[in-house]
Amino acid sequence: MISDALRTDRPGRTALGRVLLESGVLSSDWAPTFAAVDRATFLPELMWPYDMTARASVAVDRREDPDGWYAAVDSDVPIVTQWDDGAHRGPGPGRLATSSSSMPSVVYALLRDLDLAEGMRVLDVGTGTGETAGALAHRLGSGNVTTVEVDGTVSAAARERLCGLGLYPEVVVGDGFEGHLGSAPYDRILATVGIRRVPPAWIRQLRPGGVILAPWGTSFGNGDAMVRLEVEGEAAVGSFTRCVEFMKLRAQRGPAVDHGGYLAAGPLEDAERSTTPLTEEEIVTGPFTDLPFVLGLRVPHCRQAVADRREGARPVWFYGLTDRSWACVMFRGGERHASVWQSGPRRLWDEVAGVYRWWRERGSPDVTRFGLTVDADGRQHAWLDDPAHERWPVQHDA
């Protein structure tokens with residue numbers, strides 16, 4: 001916890017609020033909440049803001065570098081607050097970031113997209129630092145907000161910070177996948193942890209016409225997008241709004257990939273070889289930022305891993321998650337065609353290349369043209385442009 005009073009004269013925070021307002025991310029009705037609910041209140045003395053230039057999380061300790069700490073707090077960057085489910089102890093970064101403070105632009109865009117009205121009840125899934133729950137409680141009143149967090153230590157720290165601001169939402173320790181029946185029904189459910197399957201419990205705990213806003217993605221990679229679903233009877237239907245990247249719900253992080261196990265089952269020298277005219281820019285590094293999301297929708301039970309470039313070459317791997325199928329594409333600078341290796345029952349690269357062609361034939365649709373339908377049993381179907389148009393089942397990898 002923070003050991004002394006926060007600085008109140010912070011030009012950086014004033015500038016951040018102005019930028020968020022001018023960009024439209026911070027709508028005017030949320031401006032009083034931004035002013036009252038200070039992100040700094042919810043952050044620990046040792047934290048790891050993400051350096052956009054170095055593309056890495058770098059430790060900063062308020063006790064040793066207060067100016068650097070406040071500069072990070074008042075910047076539009078994500079900040080890691082926990083590594084490895086709390087097992088890691090600083091000061092360096094751990095292996096897996098497991099709790100964080102999202103970018104202020106993301107937080108207030110989500111709050112804006114909730115389209116709240118006075119008296120609405122909200123379930124906040126993934127308490128984290130408590131800032132989002134605090135913003136909701138400030139706007140709606142503490143009695144209308146419930147927040148659930150799986151980590152008891154994280155939850156307790158958030159509760160203490162919220163109480164310090166005079167905000168008292170219901171703070172629950174539990175599995176967010178199950179929602180929280182005790183305070184249902186809700187008008188809105190907001191998740192700030194990534195999911196791969198929309199929980200049926202959320203649909204059951206919403207009033208008719210209620211809204212789910214959550215980061216949703218497949219096991220393919222980091223290509224997640226926000227989905228805004230409205231409850232219609234026993235189903236929830238809606239579109240994706242933007243690409244995002246959030247930490248996954250603990251129960252839905254997805255299976256680990258054992259690279260050596262795949263090569264043991266299908267050695268490189270025995271793999272089927274071919275070439276492809278598709279380029280690294282088209283598949284990996286180009287401007288089509290929505291492509292990983294699309295590939296995840298249409299290439300089921302597959303994980304992509306993009307390796308670092310070394311000596312002018314970059315291998316991109318694809319692993320089947322229901323068998324030992326794998327594929328590798330080696331992109332080399334200056335070569336017209338990339339080399340391809342494929343092994344196992346599936347030809348994963350052929351599937352990826354086929355989906356890429358399908359996507360380009362339809363005008364390279366971005367995520368906002370895709371949507372999701374979820375029934376009462378949790379079965380998910382994705383679709384393009386219209387729920388009755390092209391649609392296909394989306395499977396969940398445990």
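Leu 291, Val 294, Leu 295 and Arg 298 of helix α10 meet Val 352, Val 355, Tyr 356, Trp 358 and Trp 359 of helix α11 (contact: heavy atoms within 4.5 Å; helices: DSSP runs of H or I, at least four residues, and strands: runs of E, at least two, both numbered from the N terminus). By class, this contact of α10 with α11 comprises eight nonpolar, no polar and one charged residues. Helices α10 (residues 291–298) and α11 (residues 348–361) pack at an angle of about 115°, and their axes are 10 Å apart (axes are lines fitted to C-alpha atoms over the stretch in contact, with angles from 0 to 180 degrees between N-to-C directions).

The model is predicted: local features need pLDDT of at least 70 and side-chain atom pairs pLDDT 80 or more, whereas totals for chains, interfaces and linings use all residues. Residues are numbered from 1 along each chain as its sequence is written, and side-chain values use heavy atoms, with hydrogens and water left out.

Ser 325 is situated in the loop between β15 (313–320) and β16 (326–332). Ser 325 is buried, with a relative accessible area of 0% (buried: under 20%, 1.4 Å probe, protein chains only). Residues touching Ser 325, beyond those up to four places away in sequence, include Tyr 262, Phe 318, Ser 343 and Arg 346. The backbone nitrogen of Arg 346 lies 2.9 Å from a polar atom of the Ser 325 side chain.

Thr 146, in strand β7 (residues 145–149), is likewise buried, at a relative accessible area of 2%. The side chains of Thr 146 and Ser 183 are joined by a polar contact of 3.3 Å (a pair of N or O atoms within 3.5 Å, one able to donate a hydrogen and the other to accept it, with residues adjacent in sequence counted only if both atoms are side-chain atoms).

Note on methods
Buried < 20%, exposed > 50% of the residue type's maximum accessible area, 1.4 Å probe, protein only. Nonpolar A, V, L, I, M, F, W, Y, C, P; charged D, E, K, R; others polar.
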